[in-house]
Amino acid sequence: AYTITLEVDKAYIEENQTATLTCTTDTDQGFMQFLYTPSAHKPDTGILINNNKSYTDFYMIRNSPTIQSLQCEVRGGKPFANLTWSCYEGNQTNANTTIGATSNITWIAGIHNESVCICKAAHILGWSDEKKIHPTCTVGKTTVIGGAVNVTLASNFTMTCTSDANPEPNIFLWSLPSGQSVNGQDLFLPSFKKDDDGIYVLYIQNTMSPSIGYNINGSRNATFSLHHPMKINFRFGSKDGILINNTRIDVIKDDIITLACVADGHPLPNYTWIDSNVGELYQHSFTEDTEIVCHASNTLFPTGYGRLEQEVITSAGLQV
């Protein structure tokens with residue numbers, strides 16, 4: 001009888017592979033076969049994310065202080081697989097269990113944008129796996145640009161609100177100068193009237209549902225000023241002087257009077273008087289009855305349309 005000690009190079013023999021061994025003694029030579037079952041073996045599963053939940057869609061709220069986390073797990077194998085994360089330069093911690101290798105990655109949502117988180121697994125027997133998760137940023141605040149909007153009288157006016165919020169807003173509320181409210185993305189004012197002029201406030205809101213954390217409502221509002229074409233008036237002394245409400249003005253012979261031609265146009269108009277004087281104020285003395293005429297003109301740029309020249313003329317009779 002012979003006692004034989006075998007040393008096997010595991011790098012050349014795969015699991016459950018049959019190997020042939022040649023034994024030589026001083027007296028004869030013999031052969032035998034054995035079934036080699038190494039102590040190392042490959043994992044039983046591929047990569048499982050968050051206990052094998054589906055995290056194809058992972059949501060987090062941008063600008064939120066919420067701590068986000070993902071878990072990567074590979075069950076079975078001897079030794080356990082080696083796990084590595086690539087995800088927002090987060091903090092990786094490994095905590096193997098009795099059934100396999102696990103690795104957690106944590107980060108703060110903060111100002112991060114949408115990206116790709118990757119967990120990679122590798123084993124000494126050459127086995128490897130990779131799983132990608134695509135975090136989606138939900139955005140509570142969106143850029144809403146307010147300011148002046150130019151509208152011409154009698155035109156049909158439509159304003160549509162668009163938002164880069166994610167998810168899209170579910171509330172659009174317009175507050176009108178009249179005190180009324182209108183729901184919806186579109187604000188429509190048919191045959192724009194002077195009474196429609198004023199301040200409009202738009203309020204939008206969305207609801208963000210992160211994969212980790214509580215639902216949060218995000219909102220924004222913006223203010224718009226709608227301007228109509230100008231109306232022109234005469235005033236005594238200055239643009240803030242007494243308003244002249246009739247078309248006949250009584251003056252004293254040879255007295256110098258100052259008249260102001262005032263229009264509420266936007267942009268500010270230019271003024272020209274009948275005798276080619278220019279400017280808002282007109283100073284003159286009169287010896288006989290005269291008709292005085294003021295031309296106010298400006299260039300309109302209606303929002304969404306091209307250039308439009310506008311001129312308004314008013315006149316009054318001076319009686320000496």
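**Reading strands, cores and disulfides in a predicted model**

Me: Which residue of β23 is the bridge partner of L259?

Reply: Y282 is that partner. The model is predicted, so local features need pLDDT of at least 70 and side-chain atom pairs pLDDT 80 or more, while totals for chains, interfaces and linings use all residues. Residues are numbered from 1 along each chain as its sequence is written, and side-chain values use heavy atoms, without hydrogens or water.

Me: How many bridges join β21 to β23, and in which sense do the strands run?

Reply: Strands are DSSP runs of E of at least two residues, numbered from the N terminus. Two of them pair if DSSP finds at least two bridges between them. Here, 5 bridges join β21 (residues 256-263) to β23, and the strands run antiparallel.

Me: Where do these two strands sit in their sheet?

Reply: The sheet is open, with 4 strands in the order β19-β18-β21-β23 and antiparallel pairing. β19 (243-244) and β23 (281-285) are the edge strands, and each pairs on one side only.

Me: Which strands make up the open sheet that holds β8?

Reply: That sheet has 4 strands in the order β3-β5-β8-β7, paired antiparallel. β3 (48-49) and β7 (91-94) stand at its edges with a single partner strand each, so one side of each has no neighbour in the sheet. β7 and β8 pair over 4 bridges. Within β8, I105 is the bridge partner of Q92.

Me: How do the side chains point along β22?

Reply: In a regular strand, side chains alternate between the two faces of the sheet. Burial goes by relative accessible area: under 20% is buried, over 50% exposed, in between partly exposed (1.4 Å probe, protein chains only). β22 (residues 270-273) alternates. β22 pairs antiparallel with β24 (residues 290-300) over 4 bridges. In that pairing, Y271 stands opposite A296.

Me: How many aromatic pairs does the structure hold?

Reply: Rings of Phe, Tyr and Trp (six-membered ring) pair if their centres lie within 6.5 Å; planes under 30 degrees apart are stacked, over 60 edge-to-face, the rest tilted. The structure holds 4 such pairs. One of them, W273 with Y282, is stacked, at 4.8 Å centre to centre and 25° between the planes. W273 has 2% relative accessibility, so W273 counts as buried. Y282 is buried too, at 6%. Elsewhere, F58, Y88 and W107 form one aromatic cluster.

Me: Which residues touch the most other members of the largest nonpolar core?

Reply: Nonpolar side chains tend to be buried together in soluble globular proteins. A core is a set of buried Ala, Val, Leu, Ile, Met, Phe, Trp, Tyr and Cys residues joined through side-chain atoms within 4.5 Å. The largest one has 22 residues, and L70, W85, W107 and C117 touch the most other members. β4 (57-61), β5 (64-75), β6 (82-86), β8 (100-110), β9 (117-122) and β10 (128-138) each supply at least two residues. β8 gives the most, with 4. A second, separate core has 18 residues, including I249, I257, F286 and I292.

Me: What surrounds C117?

Reply: C117 lies in β9. Its relative accessibility is 0%, so C117 counts as buried. Contact means heavy atoms within 4.5 Å. Beyond four places in sequence, the contacts of C117 include L70, W85, Y88, W107 and I133. C117 and L70 are 47 residues apart in sequence and 9.0 Å apart in space, C-alpha to C-alpha.

Me: How many disulfides does a search of the whole structure find?

Reply: A disulfide is a pair of cysteine sulfur atoms within 2.5 Å. The search finds 3. C72 and C119 are joined at 1.9 Å, S to S. Their link is left-handed, with -80° about the S-S bond. It connects β5 to β9, 47 residues apart.

C87 and C117 are joined at 2.0 Å. The torsion is about 45°, so this disulfide is right-handed. C87 lies in the loop between β6 and β7 and C117 in β9, so parts 30 residues apart in sequence are tied together.

C261 and C294 have sulfur atoms 2.0 Å apart. Their link is left-handed, at -100°. C261 lies in β21 and C294 in β24, so the pair ties parts 33 residues apart.

In sequence order, the bonded cysteines pair 1-4, 2-3, 5-6.

Me: Where does pLDDT stay under 50?

Reply: pLDDT is the predictor's confidence in each residue, from 0 to 100. Where pLDDT is low, predicted coordinates should not be read in detail. It stays under 50 over residues 140-144. The protein's mean pLDDT is 79, and 78% of its residues reach 70 or more.
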